[in-house]
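This report goes through one structure part by part. Please keep the sequence and the model in view while reading.

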Amino acid sequence: PMLQVVRFAAIAAPAVGLLFAFSGQLGRSLARIFNLSAKRHVVIAGDSPAALSLALDCRASKDAVIQIAQSLPEDTALGLRRRGVILIEGNATHLETLRAARAHHAAHVVAFEPDDTANLQIEAAVRRLVGNGRRRPPIGVHVATRSPLLLRDAREMRSAQMRKKDKAYLPPIDPKPFSLHEMAARALFQGQCQTILSLAKQLGRERIHVVFFGFDASAEAVAERIFASLWSVHFEAPRLTVLTPDPQGAEAGFRARRREAFAHPQIWSADIAFMAFDWDAASIGPELLDAVEQARGKPTAAVVSTGGDPTNIHLSIALKRACNHGLRWPIPIFMHESSQSEFSQQYAKGDDTDELDAYLQ
């Protein structure tokens with residue numbers, strides 16, 4: 001019987017291999033056939049975690065998705081294909097790659113590369129691919145932008161084009177620059193703004209005061225959103241205090257990128273101060289809280305965003321412990337995480353107690 005099993009396996013193995021090879025070739029052929037007639041779909045250029053997450057979200061909404069990626073692990077590519085995402089390997093800045101993805105017939109093209117220059121090149125390539133052909137409605141080209149200065153300039157250019165264009169003629173491309181950091185900051189305060197204002201009133205504070213531990217791009221976007229939206233007739237102007245190992249460099253960069261916050265001091269100037277604190281050489285304790293209180297007053301919220309998830313978790317735990325010692329700072333602590341971890345699922349769940357204490361969000 002063992003000999004018969006071996007003989008059967010020797011015959012079946014090539015047959016099964018041919019069957020799998022045929023099924024894979026059939027799947028690729030069907031994908032190419034779909035590409036030849038694809039319209040009103042979503043083209044996503046990029047292989048970052050955010051780009052992959054966007055592709056899966058679009059598929060969950062029943063959108064047809066073609067993703068352009070240069071290098072994806074096999075298991076990741078297999079998972080995307082199982083969810084119905086069509087993958088094209090290539091450089092999205094090249095016309096032929098965009099043509100293969102039928103970008104000139106798409107409803108949306110999302111340039112989601114980590115490099116701003118590459119995203120602008122993708123937008124330009126889509127323009128060349130479409131040419132002067134009319135699209136009703138226009139193809140929305142969403143360009144991810146990390147630089148706040150570039151984002152502002154791109155939006156001003158788009159606004160000028162929208163004002164000047166002929167009402168009878170719609171351009172085939174509608175560029176829509178966006179910032180992932182800005183979107184996250186906006187979403188944060190849409191859900192937490194009322195909580196912060198209510199807590200400040202409950203604690204009897206004169207103003208909203210937010211203390212930042214670290215000041216990376218995400219934290220800077222949160223700071224901008226505070227100055228833009230966290231205002232109330234019951235409080236004075238918002239105040240920010242930034243603790244960072246390089247306060248001079250952080251302040252110079254913020255002032256250079258956010259010139260409008262200091263352009264008209266006779267009307268209003270951003271109340272933000274930068275203080276030195278090296279979390280690699282010192283720990284969070286009563287002496288640090290004393291220094292912040294004496295210089296800037298008691299806070300109503302804290303943001304931990306140093307640029308790395310492990311450091312953020314470490315600082316958040318220490319900060320929560322120090323804040324709850326004697327209920328000194330009963331405030332929400334907003335911890336930045338680039339990807340959700342088991343720690344955040346278990347411990348950064350928001351205010352889940354009845355008493356007034358510090359909690360992680």
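## Two residues with positive phi

Arg102 lies in the loop between α4 (95–100) and β4 (108–111). Helices (H or I, at least four residues) and strands (E, at least two) are DSSP runs, numbered from the N terminus. The phi angle of Arg102 is near 55°, a positive value in a residue other than glycine. Most residues other than glycine have a negative phi. Arg102 counts as buried because its relative accessibility is 16%; buried means under 20% relative accessible area, exposed over 50%, and partly exposed in between (1.4 Å probe, protein chains only). Leu327 also has a positive phi, near 50°, and is placed in the loop between α11 (309–324) and β11.

## Basis of the model

This is a predicted model, in which local features need pLDDT of at least 70 and side-chain atom pairs count only at pLDDT 80 or more, while totals for chains, interfaces and linings use all residues. Residues are numbered from 1 along each chain as its sequence is written, and side-chain values use heavy atoms, with hydrogens and water left out.

## Salt bridges

How many salt bridges does the model contain? The count comes to 16, where a salt bridge is a side-chain nitrogen of Lys or Arg within 4 Å of a carboxyl oxygen of Asp or Glu. One of them joins Glu96 to Arg99, with the closest N and O atoms 2.6 Å apart. Glu96 and Arg99 are 3 residues apart in helix α4, which means that about one helical turn separates them. Glu96 is exposed, with a relative accessible area of 57%, whereas Arg99 is partly exposed at 37% relative accessibility.

Arg328 takes part in a salt bridge with Asp290, the closest N and O atoms being 1.9 Å apart. Arg328 lies in the loop between α11 and β11 and Asp290 in helix α10 (residues 286–296), so this pair ties together parts that are 38 residues apart in sequence. Both are partly exposed: Arg328 has a relative accessible area of 22%, and Asp290 is at 30% relative accessibility. Arg328 also forms a salt bridge with Glu293, where the closest N and O atoms are 3.0 Å apart. Glu293 lies in helix α10, so its pair with the loop residue Arg328 links parts that are 35 residues apart in sequence. Elsewhere, Arg207, Glu236, Arg239, Asp271 and Arg296 are linked in a network of salt bridges.

## Strand pairing

Strands of a sheet pair through backbone hydrogen bonds, either parallel or antiparallel. Here two strands count as paired if DSSP finds at least two bridges between them. Strand β1 (residues 42–45) runs parallel to β4, and 4 bridges join them. Within this pairing, Ile44 has Val110 of β4 as its bridge partner. β4 also pairs with strand β5 (residues 139–144), in the parallel sense and over 4 bridges. Val110 stands opposite His142 in β5.

An open sheet of 6 strands has the order β9-β8-β7-β10-β11-β12, with parallel pairing. Its edge strands are β9 and β12 (359–360), each of which pairs on one side only. Inside that order, β10 and strand β11 (residues 332–335) pair in the parallel sense over 3 bridges. Ala302 has Ile333 in β11 as its bridge partner.

## Nonpolar cores

A nonpolar core is a set of buried Ala, Val, Leu, Ile, Met, Phe, Trp, Tyr and Cys residues joined through side-chain atoms within 4.5 Å. Which residues have the most contacts inside the largest core? They are Phe212, Phe215 and Ile272, in a core of 30 residues. At least two residues of this core come from each of α7 (180–203), β7 (207–213), α8 (217–229), β8 (236–244), α9 (247–257), β9 (271–276) and β10 (301–304).

Leaving aside residues up to four places away in sequence, Phe215 touches Glu220, Ala223, Val242, Phe254, Ile272, Phe274 and Ser305; contact means heavy atoms within 4.5 Å. Another core, of 27 residues, lies apart from the largest one, and Ala302, Ile313, Ile333 and Leu360 are among its members.
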